[in-house]
Amino acid sequence: MDKNVAEEKMAQLEWYISKHCLWQYNSRGWDRLIQNERILTKTKQVLRGENAKDDDTTADRYYWSEAMSLAGAFKRYFPWITETSKDDIAQILDLLKERMDFTMVKGSLNQELIKQQY
Amino acid sequence: MPYHQFKCSECIPERLQHAVDKGVDEDLTSALPLGYLNTIPGTISERGCAYCGAKHVIGTPMKNVIHLSHGPVGCTYDTWQTKRYISDDGNFQLKYTFASDVKESNVVFGAEKMLKKNIIEAFKAFPQIHNMNIYSTCATALIGDDINAVAEEVMEEMPGKKIFVCNSPGFAGPSQSGGHHKINLQFLNQWVGTGEPEIYSKYVINYIGEYNIQGDQEIMRDYFYRMGIQILATFTGNGRFDDLRCLHKAHLNVLECARSAEYICDELRVRYGIPRMDIDGFGFEATADSLRKIGYFFGIEDKAEQIIAEEYARWKPELDWYAARLQGVKMCLWPGGSKLWHWAHMLKTEIGINVVSVYTKFGHQGDMEKGVSRCEPGALAIDDPNELEGLEAMYELKPDLIMTGKRPGEVAKKIRVPYLNVHGYHNGPYKGFEGWVRLARDIYNCVYSPAHSLVHLDISKDEIPTDKGFVTRQMLSDVNLSDEIKNSTELRECTSDYDPIPRLRKKLEENLYTFPDPETGEWRQVPLEKLKKNKVVDVE
Ligand code: SF4
């Protein structure tokens, strides 16, 4: 997919997350990176029709639940998703992960993200 | 950074970085005010103290507990009963407040002996209550009273009594938020892990950061019970002390107000491996998404979908009646710490409200990240505003109403801006589907109150119209509505009861809920006494 098109589609997904989700706001930067990684990877897997469960732990089940809920909402809000190829979904979701890491952690102005303790 | 310069704060240059205007191309990497810093000298803040945050937000919603402030009587009395965190067993926590009543002589000679006497006296006066929370205050923290030692002594002398000591004096943090942090961790360290609960369902959650304001918890409890989920403990609204000792035994922490209670969730995740799931219980779509997520976690999505379908069918036509009449209404959404982000987007999409400003008194930058994300471009975001900034913003933005607490609300009324109390609520509960309709109704009644339109007349100079007679809210709200909406047979006004909580309690008494057995998975009723007072055994 053309990069500009992929970025435009990624921006739609980012908009949805910014208006509806809370999992990206854990209070520490390292925690946010894990949340982004686990939830967006699983969302990508769900949207590509792949297995998104890694193990039987409650932690994995939690990330999977967020991903299922997010993938469902993406499909409801953006019908183009169901017509997008698996490769293109991977491209868009990878861009999304990069973008979320930037806005929520690397480019964030939140001074609490680097505190050591909760 | 698109900082907003308040004229009234030009003389306090540090205030500049506490307010931003969200522009069209702005995101969180370019527009975010500072937050959770000490209030700047010279500014009149609306914040509370760290003792107040610990006791009055998080401690006192716990039911069946004697809440005793160790300090001068003013600390407890002046801040008592500002919230309506009710309980389903008689509201002991609202009816009584206790203080050790520290005086000058105690400051000089110490107040420990007097505290011990007071603790025993309080337990004897209320023999049915076996738990106590003691809160330190500025005075007793400064004189160095060892409250923990006194509590230990009493617990030894009075077997069966349990005392939690909260060391969060007023100065222990920039605002009430410092107290939220302290009480979260101190309760966890002192009492969590000391009880073994009876598990009666395959699905077990803690409901965290929920304070049962006018029954919010009881609305959500109904949904969870309909899904067959056992709520081990609610931290802390309508929560029992004994249940809270068992927080470590849940499968999932469902977190509502992250501002006040994310700390305990994060620690429970680290220490006991319980995942933290943040939810929004306000708004139709947000509540539905939250129930769905919890449904996925336990593999009971179908149960969640069934509740969502039933609740939409019952309440959506009523929400839409108000939404049709509230399109474009301008609001300043100025709550304490978390409702700016819980509500901003749902108010816009489901009720048509134009949120022109969000503020937070004690939120951190994380709350502003959520708030700024969820409001629309053009909104003014303010951290820890002072009274003059609030006034300047209202004069500039000309909101149709503000949603805030009692103190700034009264200020707004003076300049003829109507306000809704979103701390203690006007006619809550506001949570869940039914609650959201109640909030829409309260907004509608506030904006279109015929009485309110009269306050804009100044009898010292305005001509008073004598030709106008009877006016109703609907005569005002329906002026520009299409006939299709006016005559709709689908839409209807709120039919929620004056107080919906007795209905929910009656339902609980009738014991209509079923839960899956943790071993066999068989769905069956659970004895009512377990639902109301689960068995907890002491463990070392
Ligand atoms: S600031 Fe100190 S003295 Fe004032 S109410 Fe809070 S605890 Fe009491």
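Predicted model: local features only at pLDDT ≥ 70, side-chain atom pairs only at ≥ 80, totals over all residues.

**Where the chains meet**

I began with the interface: chain B and chain A bury about 3,300 Å² between them, and carbon and sulfur atoms give 51% of that area. Buried area here is the accessible area, taken with a 1.4 Å probe, that two parts lose on being put together, summed over both. Residues are numbered from 1 along each chain as its sequence is written, chains are lettered from A and ligands numbered from 1 in the order in which they are written, and side-chain values use heavy atoms, with hydrogens and water left out.

Which residues of chain B lose the most area to chain A? I found Thr29(B), Tyr296(B) and Phe297(B), together 18% of what that side buries. The contact (heavy atoms within 4.5 Å) takes 43 residues from chain B and 35 residues from chain A.

**Around the ligand**

Next I listed the residues around the ligand, meaning those with a heavy atom within 4 Å of it. They are Cys49(B), Tyr51(B), Cys75(B), Thr137(B), Cys138(B) and Gly170(B). I sorted this shell by class and got 4 nonpolar, 2 polar and no charged residues. For the classes, Ala, Val, Leu, Ile, Met, Phe, Trp, Tyr, Cys and Pro count as nonpolar, Asp, Glu, Lys and Arg as charged, and the others, Gly among them, as polar.

**The sheet of 6 strands**

I then traced an open sheet of 6 strands in chain B, with the order 1-13-12-11-14-15 and mixed pairing. Strands (E, at least two residues) and helices (H or I, at least four) are DSSP runs numbered from the N terminus, and two strands pair if DSSP finds at least two bridges between them. Strand 1 (19-21) and strand 15 (419-421) of chain B are at the edges with a single partner strand each, so one side of each has no neighbour in the sheet. The twist from one strand to the next averages 15 degrees.

Inside this sheet, strand 12 (residues 354-360) and strand 13 (residues 380-383) of chain B run parallel and are joined by 4 bridges. I noted Ile382(B) in strand 13 of chain B as the bridge partner of Tyr359(B). Helix 15 (residues 365-374) of chain B lies across strand 12 and strand 13 of chain B, at about 165 degrees to strand 13 of chain B. Such angles run from 0 to 180 degrees between N-to-C directions, and axes are lines fitted to C-alpha atoms, for helices over the stretch in contact.

**The sheet of 4 strands**

Chain B also has an open sheet of 4 strands, in the order 3-2-4-5 with parallel pairing. Strand 2 (residues 66-70) and strand 4 (residues 131-136) of chain B share 5 bridges, and I saw His67(B) opposite Asn133(B) in strand 4 of chain B. Helix 8 (residues 176-191) of chain B lies across strand 4 and strand 5 of chain B, at about 145 degrees to strand 5 of chain B.

Another joins Gly428(B) and Pro429(B), with omega about 5 degrees; Pro429(B) sits in the loop between strand 15 and helix 18 of chain B. I also marked Tyr36(B), which has a positive phi of about 50 degrees although it is not a glycine.
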